[in-house]
Amino acid sequence: MAGIKYLFKSSFNEEPLKNNQLRKLNLKQFIVRELYQHANLSIHNLSRTIKMSTPTITRALEELISEGLVTEIGIGESTGGRRPSIYGLNPLSRFVIGIDIERYFIRIGLFNFANQPVSEIHELNTGLETQSDIIGFITEKISELIEAYGIDENNILGIGISLPGLIDMRTGLSYTYLNTGKPVAKILSERTSLPVFIEQDTRAMAWGEQSFGLARDLKNVLCLNIGSGIGLSMILDGKIYMGHSGYSGEFGHIQIEPNGQLCHCGKIGCIETVASGKVMLAKAKKDIAEGAITQISSMIGGDLSKLNIRTILNAAREGDQYAIDLLAKIGEALGKGLATLIHLFNPELIIIGGEISKAADYLIAPIESNLNIYSIARIRRDAVIVASELSDNARLMGTVALVMNKIFA
Ligand SMILES: [Zn+2]
């Protein structure tokens with residue numbers, strides 16, 4: 001299994017392992033994976049799913065306990081005989097660092113083996129559009145985080161990165177941002193001496209929703225990541241869909257207005273020219289400069305340079321009609337675009353996430369109304385539209401799921 005070296009680093013420092021040692025490590029990794037996925041289990045449970053004898057499982061568990069990875073957490077219900085001991089992972093034995101890199105901000109957090117944040121989520125007000133040396137900046141923040149929480153680097157399973165734009169998942173090369181001709185994960189791994197795994201930001205959201213959010217246990221889900229741009233990820237038949245090279249989900253660049261605005265991708269009238277945070281912000285700046293009546297003006301003290309997406313969302317939540325109208329325009333464009341997706345994929349759930357999902361109440365009604373207009377009723381009825389419960393944390397949590405998935409692959 002791929003992640004065996006990450007879980008049991010100490011076993012790989014000296015001589016090459018013999019086959020029986022590898023088999024034993026494999027078994028221990030199976031146990032750790034079972035405990036990660038199903039939390040608390042008895043020896044009987046483990047022996048049944050891993051299909052190994054009780055004494056073999058017991059011996060491996062004893063080793064995992066002495067190594068600090070597993071702990072006895074209590075006594076379970078009796079199924080006839082003696083009540084069994086229940087085992088679980090020691091949450092503080094291994095850690096994952098999650099990093100969500102976006103255009104105007106970066107979020108970083110340290111998570112334990114139970115996927116819980118050990119550190120506060122650090123939100124840094126700089127991103128791909130404002131920070132010239134992103135890799136250097138992140139490397140520094142990672143060291144600060146590890147030092148601040150006194151974590152032994154040997155116990156860090158890996159770093160998960162969420163990055164927007166086009167990333168070729170076969171080569172790991174990023175083309176929209178950090179395009180240096182070398183995979184971002186490789187560069188960061190060399191700088192930090194830790195395993196690094198990267199995912200495109202909207203698919204990172206899908207990882208988060210599938211592992212910890214509303215898509216858990218569902219098979220066909222569309223995740224919309226609406227921030228300064230728009231991204232789409234698809235969970236189809238229970239799997240996160242990649243496409244041939246990882247470029248799937250460029251929903252924002254479907255044309256909906258043939259006579260519309262020029263998009264940054266070079267095409268005309270893409271959904272992103274009507275329905276993204278970036279465009280909403282630009283429109284608000286222009287309208288307010290031209291005297292639009294809205295309480296946003298007083299919220300920014302008349303200083304348009306202070307206007308950001310968050311101010312508009314806050315104004316909408318306070319009932320500002322202008323801000324609500326701006327969001328409704330986004331919802332209408334999304335609804336029209338989503339109608340096509342519903343016809344193609346017949347999803348059971350559509351999750352609205354990303355920064356703008358904080359005002360999802362004002363998006364969902366216009367989305368639904370346009371879906372009703374542009375899609376076939378029978379297919380439309382299958383799809384429930386909801387705001388993400390993880391909201392902006394979905395991508396960050398997704399990077400944790402990504403690392404764990406790679407380790408246990
Ligand atoms: Zn475009």
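Let me start with a definition: helices (H or I, at least four residues) and strands (E, at least two) are DSSP runs, numbered from the N terminus. On that basis the protein has 15 helices and 15 strands. Its radius of gyration, taken over C-alpha atoms, is 24 Å. Along the principal axes, the C-alpha atoms fill a box of roughly 75 × 50 × 40 Å.

Ground rules. This is a predicted model, where local features need pLDDT of at least 70 and side-chain atom pairs need 80 or more, while totals for chains, interfaces and linings use all residues. Residues are numbered from 1 along each chain as its sequence is written, and side-chain values use heavy atoms, with hydrogens and water left out.

Next, burial. Buried means under 20% relative accessible area, exposed means over 50%, and partly exposed is in between (1.4 Å probe, protein chains only). Of the 409 residues, 51% are buried.

Now look at β4. How many of its residues are buried? Seven of seven. F95, I97, I99 and I101 point one way, and V96, G98 and D100 point the other way. Strands count as paired if DSSP finds at least two bridges between them. β4 has seven bridges to β5, residues 106–112, and the two run antiparallel. A hairpin of four residues joins them. β4 also pairs with β7, residues 156–163, in the parallel sense over six bridges.

On to charges. Side chains of opposite charge can pair when their charged atoms come close. Here a salt bridge is a side-chain nitrogen of Lys or Arg within 4 Å of a carboxyl oxygen of Asp or Glu. The whole structure has 17 of them.

D168 and R170 meet at 3.0 Å, N to O. D168 is buried, at 5% relative accessibility, whereas R170 is exposed, at 54%. E199 and R203 also meet at 3.0 Å, N to O. Both E199 and R203 are buried.

D392 is buried, at 6% relative accessibility, and K358 is partly exposed, at 34%. The pair belongs to a network of salt bridges linking D100, E102, K358, D392 and R395. D100 is also one of the buried residues of β4.

Now the surface. Which residues make the nonpolar patch of about 240 Å²? L92, V118 and Y149. Patch residues have over 30% relative accessible area and no salt bridge; like charges are joined within 9 Å, nonpolar side chains (Val, Leu, Ile, Met, Phe, Trp, Tyr) within 5 Å. L92 lies in the loop between β3 (85–89) and β4 (95–101). L92 counts as exposed because its relative accessibility is 53%.

Last, the annotation. UniProt, in an unreviewed entry, places "domain: HTH marR-type" at residues 31–71. In the model, that span is 71% helix and 10% strand, with its end C-alpha atoms 12 Å apart.

Technical notes:
Areas by Shrake-Rupley, 256 points an atom, 1.4 Å probe, with all protein chains shown as cover. UniProt positions renumbered as here; feature names shortened; annotations may be inferred. Rg over C-alpha atoms; globule rule 2.2 N^0.38 Å.
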